[in-house]
Amino acid sequence: VDRSVMEVVELRDLLGKAEEEREKALRQVKALIAKQVAGELPEADPTKCEAYGPGIATAEINTTATFKVSVVDQQNRPCTRPTQLTTRLQSRVDGSIVETAQTSEDAATYQVQYTATQRGRHQLSVAVNGVEIPGSPFGMFVSIAPTALGTPVHVIEGLNHPRGIATSRDSDVIVCDQQKITVY
């Protein structure tokens with residue numbers, strides 16, 4: 001019986017501490033809102049914000065790619081004021097739009113994820129509060145995963161004297177034969 005009473009007392013103390021933490025967090029949120037309403041929190045400066053990480057330039061087809069966006073104010077300080085981040089990935093092959101998802105790591109850093117389903121060139125736009133950040137739109141390329149490169153995709157028949165091979169900007173394979181040029 002004494003042990004049960006001790007456990008109840010411990011639980012009551014834990015609940016009290018949790019309530020205190022919740023009240024403290026609530027006071028902090030209210031203080032931030034008051035500063036925002038009073039205009040004390042500086043706004044994000046899109047001309048100073050930055051996108052970085054591997055997913056800003058390249059990605060592999062059907063694989064989740066990520067990059068981050070750092071949101072700062074005019075003095076390059078992390079911006080704690082609520083910010084609207086807009087990202088858009090569009091295929092330059094057929095114009096299709098790839099869905100992006102954003103999560104806030106903290107008040108001034110966002111992580112963006114997307115999964116491209118089409119190989120080729122894409123355009124990635126990043127805007128803060130409706131204004132594109134420096135470098136946006138970013139030209140980027142979605143490639144086939146390296147594990148898929150070792151398997152033949154298409155067998156070229158009818159070549160008599162192949163002399164060269166090249167790729168175009170759209171990733172077409174161009175095979176030069178003494179008799180003809182074939183594009184795949």
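This is a predicted model: local features need pLDDT of at least 70, side-chain atom pairs count only at pLDDT 80 or more; totals for chains, interfaces and linings use all residues.
Are F67 and Y114 buried or exposed? Both of these residues are buried.

**The aromatic pair**

The count of aromatic pairs here comes to 1. Its members are F67 and Y114, whose rings sit 6.5 Å apart, centre to centre, with 55° between their planes, and that makes the pair tilted. The two partners come from distant parts of the chain, 47 residues apart: F67 belongs to strand β3 (residues 64–70), while Y114 belongs to strand β7 (residues 109–115).

**The sheet around it**

Strands β3 and β7 also turn up in an open sheet of 4 strands, which runs in the order β1-β3-β7-β6 with antiparallel pairing. At the edges you'll find β1 (50–52) and β6 (100–106), each pairing on one side only. Going from one strand to the next, the twist averages 25°.

Now zoom in on β1 and β3: these antiparallel strands are joined by 3 bridges. Here A51 stands opposite V69 in β3.

**The cysteines**

What about disulfides? The structure has 0 of them. Take C49: the nearest cysteine sulfur belongs to C79 and is 7.5 Å away, and C49 is in no disulfide. A disulfide needs the two sulfur atoms within 2.5 Å, so at 7.5 Å the sulfur of C79 is too far from that of C49 for a bond.

| Cysteine | Relative accessible area | Class |
|---|---|---|
| C49 | 4% | buried |
| C79 | 0% | buried |

So C49 counts as buried, and C79 is buried too.

How values were computed
Residues are numbered from 1 along each chain as its sequence is written. Side-chain values use heavy atoms; hydrogens and water are left out. Buried means under 20% relative accessible area, exposed over 50%, partly exposed in between (1.4 Å probe, protein chains only). Rings of Phe, Tyr and Trp (its six-membered ring) pair if their centres lie within 6.5 Å; planes under 30 degrees apart count as stacked, over 60 as edge-to-face and the rest as tilted. Helices (H or I, at least four residues) and strands (E, at least two) are DSSP runs, numbered from the N terminus. Two strands pair if DSSP finds at least two bridges between them. Axes are lines fitted to C-alpha atoms, for helices over the stretch in contact, and angles run from 0 to 180 degrees between N-to-C directions.
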